[in-house]
Amino acid sequence: MSDLLERLRGRGWRLTSQRRVVAEVLDGEHVHLTADEVHARAAERLPEISRATVYNTLGELVTLGEVTEVSTDGRAKRYDPNAHHPHQHLVCTHCGTIRDVHPTDDPLAGLPVDQRFGFTVTDAAVTYRGLCPACAG
């Protein structure tokens, strides 16, 4: 059972067969699928699942804070199930591959106080960009 499924059960979220298959498809450390990719993989397991059901389920998971939408460089939104595990992203600028990374530095510490303009900063999102080994080679 995935961490996502466990979290959803703990919240008392009703796990229909459609919701379960979407959560199962999203399971994994470096999973950053588009909605269409989620639908294609879910349909392999549950052929009758509709694209609308997948989109609605992803929207619910984002609203619940159990999945994060990741947008990079105008490409299709991707869905990250690691919403409860602080991390940043490494993105290939050629093929769009996304990997989770866990830098040791606190990204908030890198913003000097005089550059905060009075904001109480609570979060920072850092995206590292470059070429993956397949695209660089």
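Let's start with Arg7: at 14% relative accessibility, Arg7 counts as buried (buried means under 20% relative accessible area, exposed over 50%, partly exposed in between, with a 1.4 Å probe and protein chains only). Keep in mind that this is a predicted model, where local features need pLDDT of at least 70, side-chain atom pairs count only at pLDDT 80 or more, and totals for chains, interfaces and linings use all residues. Residues are numbered from 1 along each chain as its sequence is written, and side-chain values use heavy atoms, with hydrogens and water left out.

**Around Arg7**

Arg7 sits in helix H1 (residues 3-10). Helices (H or I, at least four residues) and strands (E, at least two) are DSSP runs, numbered from the N terminus. What does Arg7 touch, leaving aside its neighbours within four places in sequence? Its contacts are Glu66, Pro81, His84 and His85, where contact means heavy atoms within 4.5 Å. Take His84: Arg7 and His84 are 77 residues apart in sequence, yet their C-alpha atoms are 9.8 Å apart in space.

**Two helices that pack**

Two packed helices are described by the angle between their axes and the distance between the axes. For helix H2 (residues 17-25) and helix H3 (residues 35-45), the angle is about 120° and the axes are 9 Å apart. Axes are lines fitted to C-alpha atoms, for helices over the stretch in contact, and angles run from 0 to 180 degrees between N-to-C directions. That makes H2 oblique to H3 (under 35 degrees is roughly parallel, over 145 roughly antiparallel, 65 to 115 roughly perpendicular, and the rest oblique). On the H2 side you'll find Val21, Val22, Glu24 and Val25, which meet Val38, Arg41, Ala42 and Arg45 in H3.

**Two open sheets**

Strands of a sheet pair through backbone hydrogen bonds, either parallel or antiparallel. Here, two strands pair if DSSP finds at least two bridges between them. Another open sheet of 3 strands has the order E5-E4-E6, with mixed pairing. The edges there are E5 (98-101) and E6 (127-130), and the twist averages 25° from one strand to the next.

| Strand pair | Sense | Bridges | Opposite residues |
|---|---|---|---|
| E4 (residues 88-92) and E5 | antiparallel | 4 bridges | Val91 and Ile98 |
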